[in-house]
Amino acid sequence: MTGRDDMLTIRLESPRLVLRPLEMQDAPRIETLADDPAIAMNLLTMPHPYPPGAAEEFITRVRESLAAGEGYVLAITLKPDDDLIGIIGLHPHKEPQHRKAELGYWLGIPYWNGGYITEAARCMLELGFRSLGLNRIYASHFIDNPASGRVMQKLGMTYEGTLRQHWYRGDRYRDTAYYGILREDYEQLARSE
C-alpha cells in the first residue's frame with residue numbers, strides 16, 4: 001500500500017486471513033452473519049433484525065470512506081477461499097492533528113474463540129501505526145462482553161477505564177470499558193517479539 005489512491009485495493013494478510021475492501025457480492029454473507037442478536041447486542045449501531053438491503057448501503061458507505069481515506073473498514077476473510085467471516089475497521093478522528101483512531105470489529109458466531117479477531121486486529125494496528133502514521137489507537141467494549149476485552153489485552157492495549165452506563169443498548173444502559181495503545185507501546189511490543 002502506498003497511499004490513499006490505492007485504498008480500494010488494500011490487502012492485508014496474516015497467516016490465516018486476508019483483510020480486503022468490501023465488495024457488493026459480500027452483502028448476502030454480511031446479512032447472514034450479522035442477523036444474530038448476539039452480535040447486534042455487542043455493537044452500538046448494528047440493527048437487529050438485520051434489514052434486507054442494509055448491507056449494500058453499508059458497503060457503499062464504507063467504500064466511499066475508504067476511497068477518501070476517512071475510514072478503513074475491511075472484510076475479514078479466511079484463506080484460501082476468501083470466505084467472509086467478519087468486519088474490522090479503523091475510524092480516524094475527524095481532526096487529523098490528533099492522529100488517533102478507534103478500532104472496531106465483529107465476527108460471525110461460527111468463528112468465535114478461534115483467535116481470528118486478534119489476528120485481524122494486529123494487521124489493523126500495523127496499518128494504523130506504520131502506514132497511516134497514527135499516534136494512538138483505542139477500542140471499547142460493553143463490560144458484559146469480556147471476550148472483546150481479552151482481544152484488546154492480547155493486542156497490548158492498556159485498560160484506561162470504564163464509563164458507567166455510557167451507552168443505551170438493548171433496552172438498558174451499558175457500562176463500557178476503554179482500552180488504548182500508543183505508537184511507542186506498539187513499537188516496544190514489536191521489538192520484543
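**A walk through the sheet, its helices and the core**

Start at Trp 167, whose bridge partner in strand E8 is Arg 174. This is a predicted model, so to speak: local features need pLDDT of at least 70, side-chain atom pairs count only at pLDDT 80 or more, and totals for chains, interfaces and linings use all residues. Residues are numbered from 1 along each chain as its sequence is written, and side-chain values use heavy atoms, leaving out hydrogens and water.

Now zoom out a bit. Strands E7 and E8 (residues 173–182) run antiparallel, joined by seven bridges. They belong to an open sheet of eight strands with mixed pairing, in the order E1-E2-E3-E4-E5-E6-E8-E7. Strands E1 (12–13) and E7 (158–168) are the edges, each pairing on one side only. Here, strands (E, at least two residues) and helices (H or I, at least four) are DSSP runs numbered from the N terminus, and two strands pair if DSSP finds at least two bridges between them.

Next, the core. Its largest nonpolar version has 58 residues, and Leu 22, Leu 103 and Met 124 have the most contacts inside it. Such a core is a set of buried Ala, Val, Leu, Ile, Met, Phe, Trp, Tyr and Cys residues joined through side-chain atoms within 4.5 Å, with buried meaning under 20% relative accessible area (1.4 Å probe, protein chains only). Helix H4 (residues 116–131) gives the most to this core, with nine residues. Met 124 touches residues including Leu 12, Tyr 72 and Ile 137, not counting residues up to four places away in sequence; contact means heavy atoms within 4.5 Å.

Notes
Buried means under 20% relative accessible area, exposed over 50%, partly exposed in between (1.4 Å probe, protein chains only).
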